[in-house]
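Okay, everyone, thanks for coming.

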Amino acid sequence: MKQKILALTLTLVLIAALFTACSGTKEHVGGGIDDGVLRIVCTTFPQYDWVRSILGDKLADAEVTYLQDSGADLHSYQATAEDFVRIQEADLFIYVGGASDDWVEKALADAPYAETLNLIAALGDAAKIEEAVEGAEAEEEEEEEEYDEHVWLSLKNAKILVKAIEEKIAQLDPANADVYLKNAKAYSEDLNALDKEYAAAVNKAPIKELLFADRFPFRYLCDDYSIRAYAAFSGCSAETEVST
């Protein structure tokens, strides 16, 4: 009799554990640690700021990490072992997706369950190939075309990317999807207002040309408002020579 009771008890325990495991899988859509905390890792500050704005009051219930908070430059940044662990534990990993993110492939190989968002890919046709601007000589050796990584330097791009981030977060936390949508719409309205201010300022300007004696990261912004730009270096490459 005791053996039957013990067998029945073990069976019930196993069934309960099975249902608990299944329930946890459904609740936790992303990868990382299944403890109810939404973990989001961002490689640049604009992403980090957008995520916090979208989360709004729910930020207190989430863990948002900005990897480059040490002041590291996007173009020379290399992830540390601690960064790799954070990405492995993340539910959502947001990165730019340009040439400077050559380390990301290795990070994602170690974090197969994390949701990811490549900002350049999210822009689709709005993403632009980096090109030499007038005043800068192209490099002698032809290289493979690369996308301009400075996607956040455009209010129009920002609206697209905020929407993409909001949708990803809503997928991970559908219970609060309405909150994230409301916050994203409010943020987009602010971007629209700022966009109009930029356009009005440029329209009033007697000169619509900019001269850069350094690298040129503002292609997206200049294209948005039909501003002509001249620069010593194309993109953020310092391997070109200034033309005469």
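So, start with Arg 39 and Glu 63: these two form a salt bridge, with their closest N and O atoms 3.8 Å apart. By salt bridge I mean a side-chain nitrogen of Lys or Arg within 4 Å of a carboxyl oxygen of Asp or Glu. Arg 39 sits in strand 1 (residues 38–42) and Glu 63 in strand 2 (residues 62–66), so this pair ties together parts that are 24 residues apart in sequence. When I say helix or strand, those are DSSP runs, numbered from the N terminus: H or I with at least four residues for helices, E with at least two for strands.

Before I go on, a word on where this comes from. It's a predicted model, in which local features need pLDDT of at least 70 and side-chain atom pairs count only at pLDDT 80 or more, while totals for chains, interfaces and linings use all residues. Residues are numbered from 1 along each chain as its sequence is written, and side-chain values use heavy atoms, leaving out hydrogens and water.

Back to our pair. Is Arg 39 buried or exposed? Arg 39 is buried, at 11% relative accessible area, while Glu 63 is partly exposed at 37%. The cut-offs are under 20% for buried, over 50% for exposed, and partly exposed in between, using a 1.4 Å probe and protein chains only.

How many salt bridges are there by this rule? The count is 11. One of them joins Lys 163 and Glu 167, N to O at 3.9 Å. Those two are 4 residues apart in helix 6 (residues 155–172), which puts about one helical turn between them. Lys 163 is partly exposed at 38%, and Glu 167 is partly exposed at 39%.

Okay, helix packing. Two packed helices are described by the angle between their axes and the distance between the axes. Helix 6 and helix 7 (residues 177–204) pack at about 175°, axes 9 Å apart. The axes are lines fitted to C-alpha atoms, for helices over the stretch in contact, and angles run from 0 to 180 degrees between N-to-C directions. That makes the two helices roughly antiparallel; under 35 degrees is roughly parallel, over 145 roughly antiparallel, 65 to 115 roughly perpendicular and the rest oblique.

Who makes the contact? Among them are Val 162 and Ile 169 of helix 6, and Ser 188 and Leu 191 of helix 7. Contact means heavy atoms within 4.5 Å. Look at Ser 188: it is buried at 18%, and, leaving aside neighbours within four places in sequence, Ser 188 touches Lys 159 and Val 162.

Last stop, the inside. The largest nonpolar core has 41 residues, and those with the most contacts inside it include Ile 40, Trp 50, Ile 94 and Ile 169. A nonpolar core is a set of buried Ala, Val, Leu, Ile, Met, Phe, Trp, Tyr and Cys residues joined through side-chain atoms within 4.5 Å. Helix 6 gives the largest share of this core, 8 residues.
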